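User: Please walk me through some side-chain pairings and packing here. Keep it short.

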Amino acid sequence: MRYTSTRGQTPALSFSDAVATGLAPDGGLFLPETLPAFDAAQLARFDALKNDYAGLCFEFLRHFATDIPEETLRAIIAKSYTTFSVPEIAPLKQLSPDLFVLELFHGPTLAFKDFALQVLGNLYEHQCRVRGESINVLGATSGDTGSAAIHGLLGKPGTAIFILYPDGRTSPLQERQMACTGAKNVFALAIDGTFDDAQSALKDVFGDQEFRTRYHLSAVNSINLARVLAQCVYYLSAWLRLPEGARASAEFVVPTGNFGNVLAGWMLQKMGVPIRGFKVATNQNDILHRLFTTGEYSVADVRPSLAPSMDIQVSSNFERFLYYSLGRDTARVREVMSTFKTTGRYVFENFDRDTFSASRCDDAEIPGIIKRVYQDFGYIVDPHTACAFKDLSRDRASVVLATASPAKFPDTIREAIGMEPTDPALEILKARPLVKHKINADPAAIKAFITANAV
Ligand SMILES: *Cc1c(COP(=O)(O)O)cnc(C)c1O
């Protein structure tokens, strides 16, 4: 299997090279040259592994990571899920006859991004070993990506990781997860500005080919190909574990920011797993809600919310969706992306309307939803997951993806239900010193920092 760019101007690469490269040199995002078409026999092989998460993940990823020997890949994946605190890895809880919650927060940083970033960290480690090269990982985060990336690479020899985040705009516990690791290869960079400012400075740093090559830079934001692929697996796992009746009709309801999570589910559907549909649940930063209700994709200012990991206005994975929606016409993708860059707006003529629905949740509604879910089901959801409980379908089953542990957002939960959930992993962090580096969201300052600290 080879990987090509959504913009069509990068030679096809192997899985490992596409993963190591991150953003394609032509500015596009990597995708498989062709998607596999899973037939009934393959679905049966998956089904036999539905209670073995790491085994299922291997059976899925072996179709994609074809340049890694199978036994090596199996070991990388097995190791990645040993850091999770429950044997099911992604428990599927049933709250009512047609309401399920897929808990994606039992990894080391208590949010869904661990699913991909534990695997990515071990893939990087494997590559460093095979190539005898070091790797410097650079990413921007609005909260959970950064800590999950850091915990994917924590203390791994031959790697360093630099994570930019908007100072004061992540939750205090998210910041602690990044800045209290004590690991020498981890650098938490607090910038003055928003997540989009951080991401835009980062794009510039990656745009400097010479610098990028010299330091073996790799991106770890939600655009990395390995993330999207690893995330397909929990949709597959959940779908396989649904009761027969719910399988055909269930809609996956996904708290959404950069579109990376829901994109993975949608790609799995394109590979032949018959998932009925997806609901894109946004917070008050609703670019994707507007897209899926009106067809218009247009930028607006970020308004900080109680669900900070969804506080984005430009969705970086959108380009992959665009590529498929434009019939894989890379010239059209280039044209649309360049128009979008200058006008901040694009109107879709054609997209998969049958598969997608959308909901939007204001900050003012979040505590009320947390309270209602607690009263109705005795179940505590975090503020991101709460957004997905807005306007649930009455005529089909829903599988809500619980993207973070409520213990990460004690203030909002206390306001909603008068008590604070806790988690031992977070209690440990509170006793550790916080080490962060304040820096301007300026490409030159970032490069200077990397130059001084790279491996
Ligand atoms: C990152 C994140 C999201 C948004 O995921 P995307 O892939 O950006 O759509 C939602 N909830 C939580 C808790 C997150 O960390």
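User: Which helix holds both Glu-335 and Arg-332?

Analyst: This is a predicted model, where local features need pLDDT of at least 70, side-chain atom pairs count only at pLDDT 80 or more, and totals for chains, interfaces and linings use all residues. Residues are numbered from 1 along each chain as its sequence is written, and side-chain values use heavy atoms, with hydrogens and water left out. The two side chains form a salt bridge (a side-chain nitrogen of Lys or Arg within 4 Å of a carboxyl oxygen of Asp or Glu), at 3.0 Å, N to O. They sit 3 residues apart, about one turn, in helix α15.

User: How are helices and strands defined, and which strands do Glu-103 and Lys-93 lie in?

Analyst: Helices (H or I, at least four residues) and strands (E, at least two) are DSSP runs, numbered from the N terminus. Glu-103 and Lys-93 meet in a salt bridge at 3.2 Å, N to O. The pair ties together parts 10 residues apart in sequence, because Glu-103 is in β4 and Lys-93 in β3.

User: Is Glu-103 buried or exposed?

Analyst: Buried means under 20% relative accessible area, exposed over 50%, partly exposed in between (1.4 Å probe, protein chains only). Lys-93 has 37%, so Lys-93 is partly exposed. Glu-103 has 4%, so Glu-103 is buried.

User: How many residues apart in sequence are the parts that Asp-167 and Lys-436 tie together?

Analyst: Their closest N and O atoms are 2.9 Å apart, in a salt bridge. Asp-167 lies in the loop between β6 and α7, and Lys-436 in the loop between α19 and β15, so the parts tied together are separated in sequence by 269 residues.

User: Lys-279 is buried yet has no salt bridge. How far away is the nearest side chain of opposite charge?

Analyst: Lys-279 is found in strand β10. Lys and Arg count as positive and Asp and Glu as negative; His and the chain ends are not counted. The nearest side chain of opposite charge is Glu-251, at 4.6 Å.

User: How do α5 and α10 lie relative to each other?

Analyst: Axes are lines fitted to C-alpha atoms, for helices over the stretch in contact, and angles run from 0 to 180 degrees between N-to-C directions. The two helices pack at about 130°, with axes 8 Å apart. Angles under 35 degrees count as roughly parallel, over 145 as roughly antiparallel, 65 to 115 as roughly perpendicular and the rest as oblique. The arrangement of α5 and α10 is therefore oblique.
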